[in-house]
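Work through the exercises below with the sequence and the structure at hand. Try each task yourself before you read its solution.

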Amino acid sequence: MPAFAVVWLPTFAVALFQSALSLPRHWRMQTSGFDLGIFEEAVRGYAYLEPPVVTLKGAGFVQLGDHFSPALAVLAPFYRLWPGPETLLVAQSLLFALSTVPVTELAVRWLGRARGVAAGLAYGLSWGLWQASLFDFHEIALAVPLVACATAALARGRWRAAVWWALPLLLVKEDMGLLLAGVGGHVLLAGRRRGLGAATLAAAVLGTLLTVLVLIPAANPTGGYAYGATAALGGGDPVTRLLLPAAKWWTLAALFVPVLLLALRSPLALLTVLPLAARFWSANPAYWSTGWHYSAVLMPVVFVAALDGLRRLPGHAALRFAPAAMLAVAVLAAPRPDLSGPGPDTLTARQVLAAVPDGARVAAANRLAPHLTSRCTVSLFPYLTFPDGAGSTRLSPDDRDPLFRPTAEWAATLDTPDDFPAPADDLTAQQSLPTAGYHPVAHGAGITVWHWEPRR
């Protein structure tokens with residue numbers, strides 16, 4: 001088999017695996033408005049040459065005021081051809097799969113075909129990637145192949161290529177500047193190109209400050225950066241804040257143990273320091289754990305660093321068995337895709353939601369939103385303004401300004417509210433719908449669709 005084809009073997013396997021994790025979840029109505037629906041609304045705006053307005057976040061809320069992710073526009077042509085949330089889920093799977101190419105190519109170059117393919121598969125099946133696929137879609141999917149290409153270029157001493165691959169990270173999300181700074185620091189210290197490294201560091205710092213202090217506040221209705229509060233100084237000394245509680249140690253172990261600690265032998269592992277420090281410093285416990293999508297961008301760094309660390313080992317015993325061991329760990333930890341289709345309740349739920357006409361303004365429960373965002377203007381129930389101006393439902397603590405509550409003539413609610421955003425607010429809002437002029441038009445599978453009609 002040609003070397004070119006060998007490098008792509010893990011890519012096809014990972015694409016199928018990631019798609020098998022994410023698509024059936026959506027078909028079984030296990031995805032959510034936060035975040036799949038949010039990103040579909042943003043990409044839908046780009047696809048139809050309009051601003052990326054995310055009504056799920058508030059009336060007229062532009063996505064760039066939440067996270068600076070203009071790179072999402074690259075998905076617009078594909079969404080225009082195949083409009084629907086599945087397009088985003090497939091795109092994420094393909095992006096994760098494509099990130100295996102530079103990792104596998106490097107591994108084949110250094111270890112040979114069989115061991116190189118094993119190392120590429122171990123990376124493609126790593127927990128950071130499949131954890132992201134188990135929770136909707138996120139913009140960081142665009143960063144993962146860029147980080148893989150940049151890190152592989154660093155490992156090969158291709159400093160200029162590494163910088164060019166890393167620079168677009170500033171357009172993916174505002175915190176990606178931390179990884180760009182790591183690339184610049186590595187080029188500066190290890191690459192013997194001090195000018196290029198210093199310029200990259202400067203671009204990372206200035207680009208991050210520009211997005212967080214200027215661009216995001218300019219697009220945000222509050223004029224601020226909503227996530228800055230999680231990094232505010234808190235009680236306790238800095239060392240304690242960075243290293244405790246135990247969840248942070250577990251995340252560190254989960255990153256480096258699956259690669260047999262080999263990554264710690266490479267200076268490339270230092271690229272993880274700034275992103276991990278930012279996560280561990282945050283006051284939000286969600287950033288500390290192995291869940292969600294936060295570790296996906298670190299996986300290519302860890303695996304390329306492991307390959308570099310393996311190359312630095314004396315002797316050949318570890319070289320012979322390490323890729324197979326890493327693959328075994330990845331396979332044992334990976335979930336088995338649930339390929340079961342939608343059950344009777346899901347099919348009934350789809351029929352109920354079909355009562356909402358195309359183009360309608362609808363306030364939908366979080367779990368129902370991504371099944372309406374491709375054809376309606378969707379906001380988050382229970383926070384909406386009634387069409388006749390008679391009032392509104394209760395406000396969330398983050399959205400006290402009436403400007404942020406969209407108007408909706410339709411509502412899609414759950415008889416038993418989910419934990420998000422607030423079950424008490426959900427029940428209060430449902431009780432207020434009849435008196436505000438809404439009446440149920442369809443019900444089934446624990447879902448009710450309401451329509452507002454003006455009082456006579």
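**Exercise 1.** Is arginine 312 buried, partly exposed or exposed?

*Solution.* Before starting, note that this is a predicted model, in which local features need pLDDT of at least 70 and side-chain atom pairs count only at pLDDT 80 or more, while totals for chains, interfaces and linings use all residues. Residues are numbered from 1 along each chain as its sequence is written, and side-chain values use heavy atoms, with hydrogens and water left out.

Step one is to recall the classes: buried means under 20% relative accessible area, exposed means over 50%, and partly exposed lies in between, with a 1.4 Å probe and protein chains only. Step two is to apply them: arginine 312 has a relative accessible area of 42%, so this residue is partly exposed.

**Exercise 2.** With which residue does aspartate 308 form a salt bridge?

*Solution.* A salt bridge requires a side-chain nitrogen of Lys or Arg within 4 Å of a carboxyl oxygen of Asp or Glu, and by this rule the count comes to eight salt bridges. Aspartate 308 forms one with arginine 312, where the closest N and O atoms are 3.0 Å apart. Aspartate 308 itself is buried, because its relative accessible area is 3%.

**Exercise 3.** Which parts does the pair of arginine 361 and glutamate 409 tie together?

*Solution.* Begin with the contact, a salt bridge in which the closest N and O atoms of arginine 361 and glutamate 409 are 2.2 Å apart. Arginine 361 lies in strand E1 and glutamate 409 in the loop between E2 and E3, so the pair ties together parts that are 48 residues apart in sequence. Strands here are DSSP runs (E, at least two residues), numbered from the N terminus. Finally, compare the accessibilities: arginine 361 counts as partly exposed at 38%, whereas glutamate 409 counts as buried at 19%. Elsewhere, salt bridges that share partners join Asp308, Arg311 and Arg312 into one network.

**Exercise 4.** Which residues stand opposite valine 362 in E2 and in E3?

*Solution.* Two strands pair if DSSP finds at least two bridges between them. Strand E1 (residues 361-364) runs parallel to strand E2 (residues 377-380), with four bridges joining them, and E1 also pairs in the parallel sense with strand E3 (residues 410-414), over three bridges. Looking along these pairings, one finds valine 378 of E2 opposite valine 362, and in E3 the residue opposite valine 362 is tryptophan 410.
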